2 protein chains.
Amino acid sequence: MKFSPLFWPIQFKNGIIYILDETLLPQKLAYIKARNYKEACRAIKEMKTRAVGQVLLVMYIFLQLVKQKKQKDLVKVAKVVNATRPTLSFKFLTDMVLGWAKSRVPLEKCILGFLEGLKCSRIRQAEEASKLIKNGDVILTHCNISGLMPLIAEFCAREGKGVKFFATETRPYLQGSRLTAWELKRQGFDVTLITDGMVAAVMSQGKVNKVIVGADHLAQNGDIANKIGTYAIAVLARHFKIPFYVLCPPASGLKSGKDIKIEIRPDKEMLEYQGLRLAPKGVKGYYPAFDVTPNGLITKHIPLEIKR
Amino acid sequence: MKFSPLFWPIQFKNGIIYILDETLLPQKLAYIKARNYKEACRAIKEMKTRAVGQVLLVMYIFLQLVKQKKQKDLVKVAKVVNATRPTLSFKFLTDMVLGWAKSRVPLEKCILGFLEGLKCSRIRQAEEASKLIKNGDVILTHCNISGLMPLIAEFCAREGKGVKFFATETRPYLQGSRLTAWELKRQGFDVTLITDGMVAAVMSQGKVNKVIVGADHLAQNGDIANKIGTYAIAVLARHFKIPFYVLCPPASGLKSGKDIKIEIRPDKEMLEYQGLRLAPKGVKGYYPAFDVTPNGLITKHIPLEIKR
């Protein structure tokens, strides 16, 4: 089974954290070196890595701290990590680490055990999702689910099920185009790009028959936060009677989607692209990085099951 | 009352047609010269002008032909015009011209009379739309309605009604960003850009309370074809209980939206932007330039009333 580089985008070697720079993809497959937690946190803020990459990075930040024999800084570093970006529940992760630190098991062992468990769980999650797919299905996806989409396709192929994909380009960061289409094509799967506005057209024309997306946050009531644009696709899927599946992280402590803090990013990131100005000078933009899809629009959650 | 350059984007002076090159906006306000119908038709194919610009251009093509004393070529030129792009009903326009040519009134007079009537009708259409707007409304719009949106805002201002706008950027050609936001800002109105995927977010947050879009085609049953992305906004407006208004051209002879031929454009136009490659090499795209919004999702049509 082949894995996308996005499946495990962070590596730890000889005390250094290597972060796959997702902003350079697909032109360049390159890693940023983080020698300490400050450099690592900067990479989160600058969206060099996202989604599962952020989870891995948090764990490797603490692993690095242990290797550097700086365990006394755990609480301080946890606070800095928690303040990087609002929508993923960093506190959930850092609290877990702080909890481990109080146990009798060495922290390094806890972190490595967690990461090993996470890897297995992610593979299982992709396998579960693949069971929902029938031969000949065409899946619409949005943004990027960190290597899970090609893995789902690999599981389908192993079962002799043919599956094709439509990927929204996912403005403004184009993760659908730069990451999802790239990783699917790279592993030989059939993928067609559309702009975010074309979803109703391809659904109404019967070109796709299932939606699978990821989630950055799952609340207790089943609401999810995911990349901006997901909510619209969920409403459209309901309108066109197409199942809408979500690959979820474990539920956070938040009661409902209303409690999830949505990050508003600088509008410059949508008004420019790689230095090219897209909008007239002086025009303002509004850029919520995520939206919240209510539980009622979700056909099925496919959970990531993690032992703590 | 101030007019946007997009309200009347084609001019005719000394036998030459001047076409506002909308692909250069907002960086440059420049006109392409068309000395004959072939040059003019190329500008349509290359999407240098669109919507009402296409209507004006067709009329000026025939006016130029009359001035060049080539009335014998009317039928030949009508065929070439009809073949430029499929979604706007060029045949409706050229048939009208061919009809006038058979009447006793000189063709030049018919064309100039039609254009004068069109100008008045468009102003009236904007005024009608402005009556639907209440003080404090925030209008979401998509793509560009050729100068009508700032005109609607001017009518509101005249009545002392404050109105703000959200414009989708409208990928892949970014007409919402390059044209709508530009012309609104230029006339001093408050406009905020969002990406096409943010519509559900701004609707669910109550940031917009009305939708006004244009239409490239109106079928007999009230279905409309408009820029790709419109259909999704109509479904979302219904979901969030927001009125969805459409500024329409006169109805064509087609029975329903199913009969409207939707143009599929080269995927290169969505995979690249101004020479910058957005998608990985070798990945394919699907680019229907328009979608069809069913009559049932439209709160009210605001027709363009033209005397023939």
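In this predicted model, chain B can be laid on chain A by a turn of 180° with a shift of 0.0 Å along the axis, and the RMSD is then 0.0 Å. That is the relation of a two-fold axis. The same surface serves both copies, since 100% of the contact residues of chain B recur in chain A. Within chain B, the residue that comes closest to the rotation axis is D196(B), with its C-alpha at 3.0 Å.

The contact between the chains takes 41 residues from chain B and 41 residues from chain A. On the side of chain B that touches chain A, the elements giving two or more residues are α7 (175-186), β6 (191-194), α8 (199-204), α9 (230-239), α10 (268-271) and β13 (284-285) of chain B. Of these, α9(B) gives the most, with 5 residues. By residue class, this side of chain B divides into 26 nonpolar, 10 polar and 5 charged residues.

Strand pairing also crosses from one chain to the other. Strand β6 of chain A, residues 191-194, is joined to β13(B) by 2 bridges, and the two strands run parallel. One residue pair can be named here: T192(A) has K284(B), in β13(B), as its bridge partner.

Within chain A, the domain assignment gives domain 1 (10-120) and domain 2 (133-303). Taken over C-alpha atoms, the centres of domain 1 and domain 2 of chain A are separated by 25 Å. The contact between them takes 12 residues from domain 1 of chain A and 15 residues from domain 2 of chain A. The side of domain 1 of chain A that touches domain 2 of chain A is made up of 7 nonpolar, 3 polar and 2 charged residues.

R178(A) has its place in helix α7 of chain A, which covers residues 175-186. Is R178(A) buried or exposed? A residue counts as buried if 20 or more other C-beta atoms lie within 10 Å of its own. R178(A) has 23 C-beta neighbours inside 10 Å and therefore counts as buried. Which residues is R178(A) in contact with, leaving aside its neighbours within four places in sequence? They are L25(A) and P26(A). F7(A) gives another point of reference: R178(A) and F7(A) are 171 residues apart in sequence, and their C-alpha atoms are 15 Å apart in space.

Key:
Residues numbered from 1 in each chain as written. Chains lettered and ligands numbered in written order. Predicted model: local features only at pLDDT ≥ 70, side-chain atom pairs only at ≥ 80, totals over all residues. Least-squares fit on C-alpha atoms with pLDDT ≥ 70 in both. Contact = placed C-beta atoms within 7 Å. Helix = DSSP H or I, 4+ residues; strand = E, 2+ residues; numbered from the N terminus. Nonpolar A, V, L, I, M, F, W, Y, C, P; charged D, E, K, R; others polar. Pairing = 2+ DSSP bridges. Buried ≥ 20, exposed ≤ 12 C-beta atoms within 10 Å, placed from the backbone. Domains from an automatic or database assignment.
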